[in-house]
Amino acid sequence: RPAASRERTQLGRILDRLREGPLTSMQAFDMGVTRLAAQVMKLKQHGHNIVTENMSNGKVTYARYHLVE
């Protein structure tokens with residue numbers, strides 16, 4: 001499959017998952033998605049309203065993404 005087709009498929013999977021609720025990079029990794037921040041930026045460039053929430057568990061800081069529809 002061409003790279004552009006794979007990217008569209010991956011972006012679609014991320015968007016579908018965001019419609020179910022917030023998503024972190026660890027959750028995305030379990031879906032086979034790496035570089036979630038870059039993929040979220042592409043979705044934003046395509047017009048999707050995605051909000052980034054910075055989280056911390058005391059040891060690690062990470063982002064949690066929310067789709068606002």
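How many residues does the largest nonpolar core have, and which of them have the most contacts inside it? The core has 14 residues, and those with the most contacts inside it are Ile-14, Leu-18, Leu-23, Leu-36, Leu-43, Ile-50 and Tyr-65. A nonpolar core here is a set of buried Ala, Val, Leu, Ile, Met, Phe, Trp, Tyr and Cys residues joined through side-chain atoms within 4.5 Å. Helix H1 (3-20), helix H3 (36-45) and strand S3 (61-67) each supply at least two residues of this core. The largest share, 4 residues, comes from H1. Helices (H or I, at least four residues) and strands (E, at least two) are DSSP runs, numbered from the N terminus. In soluble globular proteins, nonpolar side chains tend to be buried together.

This is a predicted model, in which local features need pLDDT of at least 70, side-chain atom pairs count only at pLDDT 80 or more, and totals for chains, interfaces and linings use all residues. Residues are numbered from 1 along each chain as its sequence is written, and side-chain values use heavy atoms, with hydrogens and water left out.

Contact means heavy atoms within 4.5 Å. Not counting residues up to four places away in sequence, Tyr-65 touches Leu-18, Pro-22, Leu-23, Leu-36, Ala-37, Val-40, Ile-50, Val-51 and Thr-52. With neighbours within four places in sequence left aside, Gln-10 is in contact with Gly-32, Val-33 and Gln-39.

Two residues are set out below.

| Residue | Place | Relative accessible area |

Buried means under 20% relative accessible area, exposed over 50%, and partly exposed in between (1.4 Å probe, protein chains only). Arg-35 is not a glycine, yet has a positive phi of about 60 degrees.
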